[in-house]
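Please read them with the structure open.

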Amino acid sequence: MFQHVEAYPGDPILSLNEAFGKDPRPNKINLSIGIYFDDAGKIPMLPSVRAAEHKVVADAGARPYLPMEGAANFRTAVQHLLFGADNAAVKAGRVVTIQSVGSSGGLKVGGDFIKRYFPESTMLVSDPTWDNHRAVFEGCGLTVKTYPYYDAATGGLRFDAMLEALKGAEKKSIVLLHACCHNPTGVDLTKAQWQQLVPVLKERELIAFLDLAYQGYGDGIEEDAYAVRLLADEGLSFFVANSFSKSMSLYGERCGALSVVCPDAAQAVNVLGQMKATIRRNYSNPPLHGGQLVARVLTDPELRPMWEAEVVAMRDRIQLMRRKLHDVLSAKLPGRDFSYFLTQHGMFSYTGLTAEQCDRLKEEFGVYLVRSGRMCVAGLNTGNVEATASAIAAVLG
Ligand code: PLP
Ligand code: TYF
């Protein structure tokens with residue numbers, strides 16, 4: 001019956017993470033999967049989220065289905081977080097937000113919607129991007145192509161080439177942009193570069209699809225929403241998928257959202273309606289619990305500042321590890337430039353290590369990096385950063 005079902009090779013990142021779990025070596029170091037670990041190497045349960053959970057559980061009653069679009073308190077809180085409570089587009093009823101099953105669910109619902117209403121549009125993603133972007137959007141039936149992004153020579157951005165490519169893109173192409181903390185490279189647009197991008201989006205009638213999976217890990221919760229607010233202020237219509245997996249350490253609760261900024265409130269009503277239809281066809285409605293934790297943290301006057309401080313602490317710890325790794329590696333290999341560890345943002349850095357060097361790191365030293373050379377800097381801690389630097393120095397030396 002199922003002879004024609006071919007073997008699944010597995011997701012490269014998730015498979016590597018599983019291999020790490022099975023590795024019996026006690027000093028193994030996991031810099032593969034995009035998860036924030038604390039200095040003890042544990043996934044944190046944020047105190048703000050724990051307190052929110054106590055409150056939510058104490059208040060909980062029956063468990064009805066949520067509406068297709070998710071819980072109203074969650075959706076409003078997300079709009080305020082992303083756009084600001086006083087945002088003109090939000091106030092005008094031009095922003096549609098649905099609660100999604102992780103931001104992956106938001107990408108999928110957005111992709112299905114785009115396939116139905118912009119069937120001729122090509123999806124343009126950065127070269128490189130998170131592998132699952134291509135998988136999700138091709139799974140929606142969209143054609144996925146790339147625009148230039150990462151500059152291997154400098155460890156920075158090929159901004160001019162990116163702009164040129166977008167200037168030559170087909171009208172109404174969908175442009176997937178990482179709003180902050182680019183996965184996998186850690187290379188982000190500056191505010192000035194976002195501003196330069198706006199006229200290109202307008203002239204070519206390009207439709208931005210922002211992916212905001214690491215809000216707070218770049219420059220700050222508000223700062224990392226810069227692109228979202230800029231595009232809204234510029235009057236553009238666009239999509240934004242955002243995640244609470246990393247910012248609230250709620251990975252397995254699958255908390256995310258998809259927002260669409262529309263030209264007017266009447267179009268927003270229809271867009272929301274068709275989003276609901278898309279959701280109904282996919283999974284009917286999102287789960288209740290995690291979204292209520294998020295809504296509680298975002299709206300509770302005691303918990304909100306707690307969470308904001310926790311995000312600062314996570315971001316600062318990553319920054320400290322970036323500095324430490326940079327300093328130790330620079331001391332060990334003085335001829336080489338490791339400044340990219342300091343200039344790249346968020347959880348990831350592109351190290352330039354080859355697939356073979358990553359294999360050696362894994363096999364000889366128990367240090368796990370994705371074979372593209374992507375390092376999850378958030379897996380470093382005071383107990384493993386020196387060993388990581390020594391292993392990298394050994395494979396580079
Ligand atoms: N987008 C990017 C760029 C990511 O790196 C991730 C997770 O690693 C996601 C989306 C999906 O996150 P989630 O579905 O957990 O919200
Ligand atoms: O490390 C990464 O880039 C991601 C992590 O449902 C991830 O692939 C893992 C599981 C998931 C979403 C993202």
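1. How far apart do the end C-alpha atoms of residues 27–392 lie, and how much of the span is helix and how much strand? The ends are 15 Å apart, and the span is 45% helix and 15% strand. Helices (H or I, at least four residues) and strands (E, at least two) are DSSP runs, numbered from the N terminus. An unreviewed UniProt entry lists residues 27–392 as "domain: Aminotransferase class I/classII large". UniProt positions are given in the numbering used here, feature names are shortened, and annotations may be inferred rather than shown by experiment.

2. This is a predicted model: local features need pLDDT of at least 70, side-chain atom pairs count only at pLDDT 80 or more, and totals for chains, interfaces and linings use all residues. Residues are numbered from 1 along each chain as its sequence is written, while chains are lettered from A and ligands numbered from 1 in the order in which they are written.

3. A residue counts as near if its C-beta atom, placed from the backbone, lies within 6 Å of the molecule.

4. Now ligand 2. Around it sit Ile13, Ile33, Gly34, Ser104, Trp130, Asn132 and Asn183. This shell has three nonpolar residues, four polar and no charged.

5. Next, helix packing. α5 and helix α10 (residues 265–282) pack at about 115 degrees, with axes 10 Å apart. Axes are lines fitted to C-alpha atoms, for helices over the stretch in contact, and angles run from 0 to 180 degrees between N-to-C directions. That makes α5 roughly perpendicular to α10. The cut-offs: under 35 degrees is roughly parallel, over 145 roughly antiparallel, 65 to 115 roughly perpendicular and the rest oblique.

6. Two further pairs. Helix α12 (residues 303–332) and helix α15 (residues 385–396) pack at an angle of about 40 degrees, their axes 9 Å apart. That makes α12 oblique to α15. α7 and α8 pack at about 15 degrees, with axes 10 Å apart. That makes α7 roughly parallel to α8.

7. Most residues other than glycine have a negative phi, and most peptide bonds are trans. The bond from Asp127 to Pro128 is cis, with omega near 5 degrees. Pro128 lies in the loop between β3 (123–127) and α6 (131–139). Asn183 and Pro184 are also joined by a cis peptide bond, with omega about 20 degrees. Pro184 is in the loop between β7 (174–178) and α8 (191–203). Lys172 is not a glycine, yet has a positive phi of about 65 degrees. Lys172 sits in the loop between α7 (159–167) and β7.

Technical notes. Nonpolar A, V, L, I, M, F, W, Y, C, P; charged D, E, K, R; others polar.
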